[in-house]
Amino acid sequence: MIEILRQAAWTGLVISAPILVIALVTGLAIGLLQALTSIQELTLTFVPKMAAIVVVFLVTLPFMTNGLLRLFEEAILPAIEGS
């Protein structure tokens, strides 16, 4: 059971990494832009970051689906079957 939890945690980390990285990069870029221009508008950080996250989510959806399917096929289904 612990091995399945370890694999599930690793899979969750791997499939969420692209979204987290793009959110970090977008947030840093917008923060730098705000610091350089002294514009402190809250929607300026929220809207571009959400748009970037949605785009990356749609682009990496097949990768995430394959990662979850692999987890189920290699770890969870054999444990349910008892092999």
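Biologist: What makes the contact of Arg6 and Glu3 a salt bridge?

Modeller: The model is predicted, and in it the side chains of Arg6 and Glu3 meet at 2.5 Å, N to O. A salt bridge needs a side-chain nitrogen of Lys or Arg within 4 Å of a carboxyl oxygen of Asp or Glu. The 2.5 Å value is within 4 Å, so the pair counts as a salt bridge.

Biologist: Why are Arg6 and Glu3 separated by about one helical turn?

Modeller: They are three residues apart in helix α1, which means a separation of about one helical turn.

Biologist: How many salt bridges does a search of the whole structure find?

Modeller: It finds one.

Biologist: Why is α1 called roughly antiparallel to α2?

Modeller: The axes of α1 and α2 cross at roughly 170° and come within 9 Å. That angle makes α1 roughly antiparallel to α2, because angles over 145 degrees count as such. By class, the contact of α1 with α2 has 22 nonpolar, eight polar and one charged residues.

Biologist: Why is Ala79 called partly exposed?

Modeller: Its relative accessible area is 42%. Partly exposed lies between the buried limit of 20% and the exposed limit of 50%, so Ala79 gets that label.

Biologist: What lines the largest pocket, and how much space lies in it?

Modeller: About 180 Å³ of space lies in the largest pocket. Its lining includes Gln7, Trp10, Thr11 and Val14, along with Phe63, Arg70 and Glu74.

Biologist: Which helices supply the lining of the largest pocket?

Modeller: α1 (2-37) and α2 (42-81) each supply at least two residues. The largest share, six residues, comes from α2.

Biologist: How do the lining residues of the largest pocket divide by class?

Modeller: Six are nonpolar, three polar and two charged. Arg70 and Glu74 are among the lining residues.

Methods. Residues are numbered from 1 along each chain as its sequence is written. This is a predicted model: local features need pLDDT of at least 70, side-chain atom pairs count only at pLDDT 80 or more; totals for chains, interfaces and linings use all residues. Side-chain values use heavy atoms; hydrogens and water are left out. On a 1 Å grid over the protein atoms alone, a cavity is a set of points where a 1.4 Å probe fits but cannot get out, and a pocket is an open set with protein on both sides within 12 Å along at least five of seven lines; lining residues have an atom within 4 Å of a point. Grid points are joined across faces, edges and corners, and a volume is the space filled by probe spheres set on the points. Helices (H or I, at least four residues) and strands (E, at least two) are DSSP runs, numbered from the N terminus. Ala, Val, Leu, Ile, Met, Phe, Trp, Tyr, Cys and Pro count as nonpolar, Asp, Glu, Lys and Arg as charged, and the others, Gly among them, as polar. Axes are lines fitted to C-alpha atoms, for helices over the stretch in contact, and angles run from 0 to 180 degrees between N-to-C directions. Angles under 35 degrees count as roughly parallel, over 145 as roughly antiparallel, 65 to 115 as roughly perpendicular and the rest as oblique. Buried means under 20% relative accessible area, exposed over 50%, partly exposed in between (1.4 Å probe, protein chains only).
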